[in-house]
Amino acid sequence: MKWNKFRLKTTTEAEDIVSSMLMDLGIQGVEIEDKVPLTSQDKEQMFVDILPQMPEDDGTAFLTFYLEEEEDPAEMLGKVQKELEEMRAYVNVGECTIEESQTEDVDWVNNWKQYFHQFYIDDILVIPSWEQVEEKDKSKLVIHIDPGTAFGTGMHETTQLCIRELKKYVTRDTKILDVGCGSGILGMLALKFGAKYSVGTDLDPCAIDATHENMKANGISEDQYEVMIGNIIDTKEVQDQVGYEAYDIVVANILADVLVPLTPVIVHHLKKGGIYITSGIIEGKEELVAEAVKAAGMEVLEIHHQGEWASVTARKPR
């Protein structure tokens with residue numbers, strides 16, 4: 001299916017009110033492009049360490065909306081132009097030119113699959129459900145991963161750093177907690193390494209769904225891996241549900257700015273002598289995490305690097 005695409009040039013001053021007007025006219029969704037710098041709150045909500053260099057804000061905004069191919073755009077565009085002209089009396093809406101083009105109806109949720117193929121992390125084969133395990137690989141340790149809209153194919157350096165640390169410390173008696181479990185790859189690999197039980201938490205409902213699907217693909221039952229949604233940093237209910245001094249290993253592949261407030265909380269969920277594996281740490285921030293670990297009373301055991309990323313592994317005193 002094809003869609004008619006319209007890109008309206010306006011101003012950052014007017015982008016919110018123009019967007020609201022378009023929605024009031026029955027347009028289902030509007031994409032906003034501008035050069036307004038992100039606020040500190042925006043950066044925190046996006047959980048990003050590195051932002052792309054952006055050009056200076058020039059006050060211009062582009063609003064893109066779509067109409068179905070069979071829908072006559074003339075009537076809708078007439079309404080839009082009428083509303084814009086009336087707005088000029090009380091807000092600077094800019095030149096209000098509209099570029100028109102066509103676009104295909106793309107399945108964005110599944111389109112990424114063309115770029116994700118089976119690969120190795122050391123001696124581990126990571127393979128999506130739409131590919132087959134070759135005969136030569138059937139004796140290898142295989143994990144089936146479909147991340148869906150959750151983070152965690154295993155291709156990212158931070159995930160690989162965590163996997164290598166898990167291989168060192170997992171035993172057959174290990175009970176592991178994965179904070180920010182994403183696709184569930186770390187908790188499931190811990191089980192494949194011989195761990196007894198995994199628990200995963202995440203803020204994103206998509207992560208919970210993805211983990212359940214991946215558990216099925218790997219033959220992992222719900223009595224081996226429990227997943228729950230919620231923020232363990234500041235939600236007492238989640239902390240209670242997870243349990244205190246219950247885990248031999250806690251792994252958190254998040255970001256340094258999240259690991260810092262997480263660490264003094266998570267130490268209470270580790271058993272005495274338990275191992276704390278962290279990654280998602282951009283190069284240069286490993287000392288920030290290491291200091292948070294020490295402040296929580298833990299001993300830093302190892303710091304490793306891969307690409308631009310680092311992992312910090314620590315131990316809670318016995």
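Among contacts in the protein (heavy atoms within 4.5 Å) between residues at least 6 apart in sequence, 68% join residues at least 24 apart. The model is predicted, so that local features need pLDDT of at least 70 and side-chain atom pairs pLDDT 80 or more, while totals for chains, interfaces and linings use all residues. Residues are numbered from 1 along each chain as its sequence is written, and side-chain values use heavy atoms, without hydrogens and water.

The secondary structure comprises 10 helices and 14 strands; these are DSSP runs numbered from the N terminus, with at least four residues for helices (H or I) and at least two for strands (E). Of the 318 residues, 43% count as buried, meaning under 20% relative accessible area with a 1.4 Å probe, protein chains only.

Seven strands form an open sheet of mixed pairing, in the order E10-E9-E8-E11-E12-E14-E13. Two strands pair if DSSP finds at least two bridges between them. Strand E10 (225–229) and strand E13 (299–306) are the edge strands, each pairing on one side only. From one strand to the next, the twist averages 15°. Strands E11 (residues 247–253) and E12 (residues 270–282) run parallel and are joined by six bridges; Tyr247 has Leu270 in E12 as its bridge partner.

Helix H5 (residues 157–169) packs on the sheet and touches strand E8 (175–179), E11, E12, E13 and strand E14 (309–315). The direction of H5 makes about 135° with that of E13; axes are lines fitted to C-alpha atoms, for helices over the stretch in contact, and angles run from 0 to 180 degrees between N-to-C directions. Helix H10 (residues 286–295) lies across E12, E13 and E14, at about 160° to E13.

Definitions and conventions
Buried < 20%, exposed > 50% of the residue type's maximum accessible area, 1.4 Å probe, protein only.
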